[in-house]
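The sequence and structure come first.

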Amino acid sequence: MGRVIKFCAISTNGDLGYVLKAFSRLPQPDTFVYNTVFRGYLQFQLPKECISLYLQMLHASVTPNKFTFPPVIKACTFDNAVELGQQVHAQILKFGYRSDGFSQNGLIHMYVSFKRLEEARRVFDMMPQLDDVSWTILISGYCQSGFVDDACKLFNLMPEKNPASWNAMIAAYVQSDSFHEAFLLFDKMRRSSRFKLDKFVAASMLSACTGLGALKQGEWIHDNIKKSGIEVDPKLATTIIDMYCKCGSLEMAVKTFNELPTKGISTWNCMIGGYAMHGKGEEAVKLFEKMENESMIPPDYVTFVNLLTACAHSGLVQEGRRYFRDMVEVHNILPGMEHYGCMVDLFGRAGLLNEAMKLVNEMPMDPDVSVMGALAGACKIHGNIELGEKIGKKVIELDPHNSGRYVLLANIYATANKWEDVANIRKLMNNRGVKKSRGFSLIETDGAVSEFIAGGRSHPDSEEIYAKVKEMLACIRSIGYVPKAESVVHDITEEEEIEKALFYHSEKLAIAFGLLKTKAGETLRITKNLRVCKDCHEASKLISKFFDREIIVRDRSRFHCFKHGVCSCNDYW
């Protein structure tokens with residue numbers, strides 16, 4: 001009877017109903033039978049019933065064995081039964097299974113799931129013999145809870161790292177935006193004797209490449225995915241395409257996309273979003289139409305966010321209106337905050353401020369800071385100081401700890417030469433302890449990523465870089481460059497001081513470094529954490545013309561491809 005119950009309980013073709021009937025007719029079921037039914041309940045995702053049966057087992061004075069506790073611990077974990085889980089822990093010790101690795105690892109996982117990391121660490125420290133699973137569960141637990149430093153200390157104590165522990169640490173660094181640390185750890189992993197690239201490590205490292213704009217490293221990982229024969233499922237395919245899009249290689253993103261035998265909704269969305277961030281609105285629209293006509297996959301919420309973003313970045317007002325309407329009428333998708341934000345951005349960039357304001361007033365929910373921020377930015381672009389001041393103040397109310405919100409309002413005041421109001425914004429920031437976000441730019445040369453901040457001199461080649469900046473600016477002055485003083489928010493009146501503040505912005509330093517370290521004709525790829533200012537935008541166009549270089553800059557919201565003196569955004573940004 002025990003074997004029949006086992007087959008019906010845990011076989012993929014099993015019948016739990018039959019198992020329970022047979023179990024109820026047994027006069028004295030033994031530990032084996034109880035253990036089998038525990039596993040059956042878990043297989044059918046019934047943790048409460050598993051816990052209830054365990055209590056019944058104890059009440060019937062049936063002694064558990066080492067095979068009893070792993071499924072019961074799992075049931076407590078799935079059901080978030082904290083107190084009962086602690087009681088099971090006590091019973092494991094009572095019945096003498098302190099040395100059983102399966103039960104102890106189950107307890108570590110249970111406490112990690114309960115976010116009780118101190119108890120998890122206590123179980124870990126009391127184990128007489130640790131295995132790969134013990135280390136990996138606790139390291140992953142620290143990582144998932146954001147305790148990356150604790151995870152790193154434990155990881156460094158691990159005598160023999162396995163792929164899962166490497167990936168847990170690398171993923172934690174990526175999720176906390178510590179991309180440089182992720183690369184350093186990946187280099188160590190590559191040098192280890194047990195190195196083998198799998199799809200999890202590959203996905204994490206592709207995300208790190210995306211964060212740093214490290215195209216060469218991303219290409220290396222993609223090549224190794226192919227060489228290693230790693231299955232490229234829809235999730236990994238999307239990560240690869242996203243890396244190419246965000247590292248400025250739209251051509252490789254399109255090539256990878258077109259070579260996929262099957263495409264999931266996330267892959268279509270990623271490619272449409274890639275076109276959007278590169279300012280290729282018409283291509284995004286064509287791809288969306290291809291998705292509608294050739295695939296059996298219906299668009300979803302994210303599809304329309306990306307599509308409307310593409311329309312906003314390319315000034316496709318009529319198309320944006322149509323897709324916003326079709327989203328509801330054809331596809332039955334209710335617009336969310338992101339869709340309204342895209343439409344406000346679309347109208348605002350096009351100078352249709354009244355239409356943007358009308359849409360904000362008609363929204364079925366209160367507009368959030370991204371919607372109002374888009375409207376305030378449009379007011380600045382089109383010089384509507386009165387509305388910009390009103391919306392700018394509202395944006396600060398909604399997001400009082402974000403320095404960018406104060407800078408935007410200060411910029412609006414500066415446009416109207418309201419220097420006293422600019423000074424008041426500075427004072428408000430100081431009183432609230434709000435620090436201006438540090439702008440930085442990254443550039444990859446020879447597989448290494450260098451970081452620059454405005455006016456920074458920490459780079460070992462800083463003297464050479466600053467000399468190159470001076471040379472670079474002198475060259476573009478000869479073809480018409482005039483510094484745009486409005487790109488600096490201040491009340492500085494001395495021309496020399498204004499130019500000094502402009503000339504050493506982080507992207508100018510990164511471009512100068514790129515010109516020094518790369519061959520003639522090589523493309524420069526730069527990633528910036530803030531929006532590109534007008535002066536750097538104009539300077540980059542002229543640098544691309546004078547030095548005959550393609551310069552691809554990814555800023556906070558989109559790409560700018562500078563070539564032959566023009567930008568891919570057509571100055572619509």
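## The largest cavity

β3 gives the most to the lining of the largest cavity, namely three residues. Strands here are DSSP runs of E with at least two residues, helices are runs of H or I with at least four, and both are numbered from the N terminus. The model is predicted: local features need pLDDT of at least 70, side-chain atom pairs count only at pLDDT 80 or more, and totals for chains, interfaces and linings use all residues. Residues are numbered from 1 along each chain as its sequence is written, and side-chain values use heavy atoms, with hydrogens and water left out.

A search of the whole structure finds one cavity of 30 Å³ or more. A cavity is a set of points, on a 1 Å grid over the protein atoms alone, where a 1.4 Å probe fits but cannot get out; lining residues have an atom within 4 Å of a point. The volume of the largest cavity is about 40 Å³, where volume is the space filled by probe spheres set on the points, and grid points are joined across faces, edges and corners. Its lining consists of Gly213, Lys246, Cys247, Arg525, Ile526, Thr527, Ile552, Arg554 and Phe559. By class, the lining has four nonpolar, two polar and three charged residues; Ala, Val, Leu, Ile, Met, Phe, Trp, Tyr, Cys and Pro count as nonpolar, Asp, Glu, Lys and Arg as charged, and the others, Gly among them, as polar.

## Strand β3 and its partners

Strand β3 covers residues 524–528, and four of its five residues are buried, meaning under 20% relative accessible area with a 1.4 Å probe, protein chains only. β3 runs antiparallel to strand β1 (residues 440–445), to which three bridges join it; two strands pair if DSSP finds at least two bridges between them. Ile526, a residue of the cavity lining, is the bridge partner of Ile443.

With strand β4 (residues 551–554), β3 pairs in the parallel sense over four bridges. Leu524 stands opposite Ile551 in β4.

## Ser450

Ser450 belongs to strand β2 (residues 448–453). Its relative accessible area is 12%, so Ser450 counts as buried. Leaving out residues up to four places away in sequence, Ser450 touches Ser441, Leu442, Ile443, His459 and Phe513, a contact being heavy atoms within 4.5 Å. Ile443 is also the residue that bridges to Ile526 in β3.

## The second largest pocket

The second largest pocket holds about 390 Å³ of space. A pocket is an open set of points with protein on both sides within 12 Å along at least five of seven lines. It is lined by 18 residues, of which Pro70, Pro71, Lys74, Phe102 and Gly106 are the closest to its centre. Elements giving two or more residues to this lining are α3 (31–43), α5 (69–78), α7 (101–113) and α9 (132–144). The largest share, six residues, comes from α5. Ten lining residues are nonpolar, four polar and four charged.

## The whole chain

The protein chain has 30 helices and six strands. Its C-alpha trace spans about 95 × 55 × 55 Å along its principal axes. Of its 573 residues, 51% count as buried. Among contacts with a separation of 6 or more, 62% are between residues 24 or more positions apart.

Technical notes:
Buried means under 20% relative accessible area, exposed over 50%, partly exposed in between (1.4 Å probe, protein chains only).
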